[in-house]
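Have the model open as you read.

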Amino acid sequence: MLKVEEIEVRYSGVPVIHDVSFHVNGGELISIVGANGSGKTTVLKTVAGTLHPTKGSMEFENEDISASTTVEIVRKGITYVPEERRIFGPLSVEENLKLGAYIVNDREEMEKSLDYVYGLFPILKTRWKQLGGTLSGGEQQMLAIGRGLMSRPKLLMLDEPSLGLMPKLVDEMLEAVATLKKEGNTILLVEQNVREALEMADRGYVLQTGRTIHEGTGQELLETDIVKRAFLGL
Amino acid sequence: MEMLVPTIISALLMGMLFALVALGLAIIFGVMNIVNFAHGEFLMVGMYTAFLTATVFSIEPLLTLPIAAMVGFLLGIASYYFLVRYLLKGPMLAQLLGTFGLMIFLRYLAMCIFGPDYKTLEQGVLIGKSIKWGSVVLSYPRLGTAVLSLIAFGIIYWLINRTRLGKALQATALDVEAASYMGIDTERMRGLAWGLGGATMGIAGALLTNFYYVFPTIGILFCMIAFATVALGGFGSIKGAFIAGLIMGLIIDLGGTYIGPHHKFALVYLTYFLVVVFRPQGLFGW
């Protein structure tokens, strides 16, 4: 479905991603793990069209997307749920969700997506009128994910969904991600909770200073020295 | 004191026009975080559009409203796509000086084309008429302007708060990057914000033409009032622009009546100064 090959990405001229390759097949949950500053978020933002690769190629459903704008990417069916949630604080929960379906022109379809998201996160339904900014951290994360699902994307990219949540909520959030996968969503996950992220993933990639240095099934990666030493403290 | 009630009523009527003028500035600032110094010149273009359309084709001045709105809209859009878009890539100073340059350009372009003369409309449904109601005398132009300003304000408020496009505009104002992840074409929203700001000024200008002189440098006066109004209401707040517009009307008219007409604009700047010092976020800002 998504195929990224040997991309290089620069921030104002300076390369931060040197050589990253990975692919995502339909229905898979793929985890990308790596230390802070290894370039995980940059990779997601590049797929999302906010940044563009200076080398290498990116294909989605066999179409080149390396020069596509964010709007085009969203219309092709990839949504990005950004780090730190970035919900629209002064707007209500439902207004936030409806903005997630901005590209959906069919009202009925939009209502269906709304039902789907409310089914997934019932707490959002009870708070539909509340302003986004007044929700707790966990609820805001649910809202951000729900908003990302509103356009019923073919690929959902989640950037650190458990960031800044208390431990109990971290587990809940990751369970929600697992549920999404079970329901047939294709997910590209970037997580700091390396063990959980790799355990639940079909496959994973390890990123280090802008390079993919390992790939394999979640279990395989958990066995590698670098993951054991650098992330699990074994 | 028998002047008090009529002055207050007249001031509130004028305040509605100030609110409309401030609204245009607030929309552009809200979406872009850019202060449009050429804002008063948009008003001036609206005034000349209304004046010329009304005199050249001898039509009722109020019927020129849609034309002035359209011209304002196009002027706003053109300013964004031909100038502001490029300014955004430059340093902060470029953004400041850029719209300042646009202000000077438009002002002296008008001077060049129309000359420095003051012009007034002499015919129209509202012009020169008034209604007497006890001790209160209301001039038709002020009354009509207030009502139409209120309607225009209401329409734009509805557009921003109740439509899908308006929500997208708000999302862009709140967080450009997050808005783009929703598939919102944020570049288009910015252009639209300038268009809406321009259209608002076109309407305000056409209304003002009914009871005020048209001349090339009128922009500076209303631009300063608009800045003070928006600062008072809170930058980017629509509700704030409305309330502050009414307050500004009261300050100018009450000040003009009871302190002296030559001090009334000094009071505007005094208000601005006090707001900046004591409540920089304005009444409804954050």
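What follows is a walk through this predicted model.

Residues are numbered from 1 along each chain as its sequence is written, while chains are lettered from A and ligands numbered from 1 in the order in which they are written. Because this is a predicted model, local features need pLDDT of at least 70 and side-chain atom pairs count only at pLDDT 80 or more, whereas totals for chains, interfaces and linings use all residues.

Start with chain A. Its domain assignment gives domain 1 (1–77 + 154–234) and domain 2 (86–152); such bounds come from an automatic or database domain assignment. The centres of domain 1 and domain 2 of chain A, taken over C-alpha atoms, are 23 Å apart. Nine residues from domain 1 of chain A and eight residues from domain 2 of chain A make the contact. Two residues are in contact if their C-beta atoms, placed from the backbone, lie within 7 Å. On the domain 1 side, helix 2 (70–76), strand 7 (155–159) and helix 7 (167–182) of chain A each supply at least two residues. Helices (H or I, at least four residues) and strands (E, at least two) are DSSP runs, numbered from the N terminus. By class, that side of domain 1 of chain A has seven nonpolar, one polar and one charged residues. Ala, Val, Leu, Ile, Met, Phe, Trp, Tyr, Cys and Pro count as nonpolar, Asp, Glu, Lys and Arg as charged, and the others, Gly among them, as polar.

Now look across to chain B. Here 14 residues of chain B are in contact with 20 residues of chain A. Helix 6 (164–174) and helix 7 (176–181) of chain B each give two or more residues to the chain B side. Helix 6 of chain B gives the most, with five residues. The chain B side divides into seven nonpolar, three polar and four charged residues.

A residue is buried if 20 or more other C-beta atoms lie within 10 Å of its own, exposed if 12 or fewer, and partly exposed in between; C-beta atoms are placed from the backbone. Among the buried residues of helix 3 of chain A are A:Val93, A:Leu97 and A:Lys98.

A:Arg86 is in the loop between strand 6 (78–81) and helix 3 (93–100) of chain A. A:Arg86 is not a glycine, yet its phi is positive, about 50°. A:Arg86 is partly exposed, with 19 other C-beta atoms within 10 Å.

Elsewhere in chain A, strand 9 (residues 203–208) and strand 10 (residues 211–217) run antiparallel, joined by six bridges. Two strands pair if DSSP finds at least two bridges between them. A:Tyr205 stands opposite A:Glu215 in strand 10 of chain A. The two strands form a hairpin with two residues between them, and A:Thr209 in the turn has a positive phi of about 35°.

Finish in chain B. The axes of helix 5 (residues 140–162) and helix 8 (residues 186–208) of chain B come within 10 Å and cross at roughly 170°. That makes helix 5 of chain B roughly antiparallel to helix 8 of chain B. Axes are lines fitted to C-alpha atoms, for helices over the stretch in contact, and angles run from 0 to 180 degrees between N-to-C directions. Under 35 degrees counts as roughly parallel, over 145 as roughly antiparallel, 65 to 115 as roughly perpendicular and the rest as oblique.
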